[in-house]
Amino acid sequence: METPGSQSSLHRANLERVVRAVRLAGSLTQAEIARATGLSAATVSNIVRELKDGGTVEVTPTSAGGRRARSVSLSGDAGIVIGVDFGHTHLRVAVGNLAHQVLAEESEPLDVDASAAQGFDRAEQLVSRLIEATGVDREKIAGVGLGVPGPIDVESGTLGSTSILPGWTGAKPAEELAARLGVPVHVDNDANLGALGELVWGSGRGVRDLAYIKVASGVGAGLVISGQIYRGPGGTAGEIGHITLDESGPVCRCGNRGCLETFAAARYVLPLLQSSHGTDLTMERVVGLARGGDPGCRRVVADVGRHIGSGVANLCNLLNPSRVVLGGDLAEAGELVLGPIRESVGRYAIPSAARQLSVLPGALGGRAEVLGALALALSEMGDSTLLDGTLPAGAPAFT
């Protein structure tokens with residue numbers, strides 16, 4: 001038994017600090033590990049050697065700043081994590097290892113009117129298919145990250161009222177999916193996972209304070225403060241879509257008038273163009289037409305950008321993020337939408353906050369949320385299980 005404060009317990013704590021730093025980053029040089037953990041270069045070198053000998057990490061030659069270095073990542077066969085993303089009309093699943101490598105990924109259509117039980121059945125089938133396709137050992141599943149398009153009550157794990165997936169209100173997504181898969185499941189809303197995905201793999205790399213704005217059937221924001229997702233005590237932080245822009249505007253699904261969502265979300269924007277462009281429009285199609293020079297679509301995209309910029313300006317004044325990443329189909333419009341966003345930020349935000357802000361399109365496209373789900377599963381793992389060579393015990397493994 002290790003005595004608290006003893007040399008052995010200190011060594012164990014240092015091992016876990018190094019493993020955690022590598023697990024969250026995917027790969028780090030030994031110098032980066034030293035900076036992230038506060039340990040000395042010599043201590044890091046000894047710990048990495050011990051972890052490598054034990055099969056926990058892999059070390060490969062690389063370069064940093066023009067100098068030879070060694071990149072440290074978790075062993076590719078140390079375990080796997082699964083990401084599941086439910087959207088308005090899609091289900092996407094990815095399987096990744098602890099070295100942040102995506103082993104398999106697949107997406108399929110989802111009926112918006114399907115019940116939660118039907119959705120979870122589909123997810124179980126798709127996860128099983130991908131696990132079989134990759135040939136990995138199911139006993140190595142360390143956890144699952146799950147994204148849903150609605151607020152999750154932090155205490156109960158219940159999905160709040162959502163008109164995006166109306167048959168899901170009141171469901172307990174993590175509990176439901178864990179019962180089917182037999183492994184720990186961690187759930188968050190899709191905007192938070194989009195922020196996490198871009199933070200780890202995309203346009204948010206290297207920053208510690210950012211907002212990920214997702215514009216789809218609704219409008220939401222994932223907030224990262226000091227490198228951590230900020231959810232608020234009730235789990236509803238980031239509902240930027242319900243900032244009031246016009247007290248006399250359209251009635252929003254939340255019951256208020258003139259919310260940002262009523263000026264930017266697809267369900268409100270697409271009808272503006274249906275008389276001239278038909279009723280089968282999608283936001284993806286509108287963006288494509290705008291990029292091709294269609295004047296009506298370009299005007300609508302620019303207007304949406306200005307409205308989003310008003311909401312982003314409020315975020316700047318309150319939280320002063322260094323970066324805003326735009327996700328969803330709208331991000332594909334590039335400067336057609338980013339320019340108007342910056343214009344509104346420059347007009348309505350405190351000048352010092354506006355100067356420090358960069359507004360970028362997401363680098364991951366529609367994959368941001370499912371990769372964020374993988375990152376969530378990785379972040380919730382216990383480091384002691386990796387050092388002990390065991391994975392969390394749950395219900396019987398799924399079949």
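The model under discussion is predicted.

**Salt bridges**

- The structure contains 15 salt bridges.
- One of them pairs Glu105 with Arg367, with 2.8 Å between the closest N and O atoms. Glu105 belongs to strand β6 (residues 102–109), whereas Arg367 is located in the loop between β13 (358–361) and α14 (368–380), so the contact ties together parts that are 262 residues apart in sequence.
- Arg367 is likewise partly exposed, its relative accessible area being 33%.
- A further salt bridge joins Arg129 and Glu106, where the closest N and O atoms are 2.8 Å apart. Because Arg129 lies in helix α4 (residues 116–134) and Glu106 in strand β6, this pair ties together parts that are 23 residues apart in sequence.
- Both members of that pair are partly exposed: the relative accessible area is 39% for Arg129 and 29% for Glu106.
- Lys214 and Asp190 also form a salt bridge, with the closest N and O atoms 3.2 Å apart. This pair links distant parts of the chain, as Lys214 is in strand β9 (residues 210–215) and Asp190 in helix α6 (residues 190–201), 24 residues apart.
- Lys214 and Asp190 are both buried.
- Through shared partners, salt bridges connect Glu106, Glu108, Arg122 and Arg129 into one network.

**The open sheet and its helices**

- Three strands form an open sheet in the order β1-β3-β2, and their pairing is antiparallel. The edge positions are taken by β1 (27–29) and β2 (57–64); each has a single partner strand, so one side of each remains without a neighbour in the sheet.
- On average, and with direction ignored, neighbouring strands of this sheet are turned by 30° against each other.
- Three bridges make up the antiparallel pairing of β1 with strand β3 (residues 67–74). Within this pairing, Ser27 is opposite Ser73 in β3.
- Helix α2 (residues 30–37) packs on the sheet and touches β1 and β3, with its direction at about 95° to that of β1.
- Helix α3 (residues 41–53) lies across β2 and β3 and runs at about 135° to β2.

- Gln30, Ile33, Ala34 and Thr37 are the buried residues of α2. They fall on the same side of α2 because they cover an arc of only 100° around its axis.
- These buried residues pack against α1 (7–25), β1, α3 and β3.
- Arg35 and Ala36 are exposed on the other side of α2. For Ala36 the relative accessible area is 53%, which places this residue in the exposed class because the cut-off is over 50%.
- The C-alpha atom of Ala36 is separated by 8.6 Å from that of Val18, a residue 18 positions apart from Ala36 along the chain.
- Gly38 follows α2 and has a positive phi, near 80°.

Note on methods: Residues are numbered from 1 along each chain as its sequence is written. This is a predicted model: local features need pLDDT of at least 70, side-chain atom pairs count only at pLDDT 80 or more; totals for chains, interfaces and linings use all residues. Side-chain values use heavy atoms; hydrogens and water are left out. Two strands pair if DSSP finds at least two bridges between them. Helices (H or I, at least four residues) and strands (E, at least two) are DSSP runs, numbered from the N terminus. Axes are lines fitted to C-alpha atoms, for helices over the stretch in contact, and angles run from 0 to 180 degrees between N-to-C directions. Contact means heavy atoms within 4.5 Å. Buried means under 20% relative accessible area, exposed over 50%, partly exposed in between (1.4 Å probe, protein chains only). The arc is that of the directions from the helix axis to the C-beta atoms. A salt bridge is a side-chain nitrogen of Lys or Arg within 4 Å of a carboxyl oxygen of Asp or Glu.
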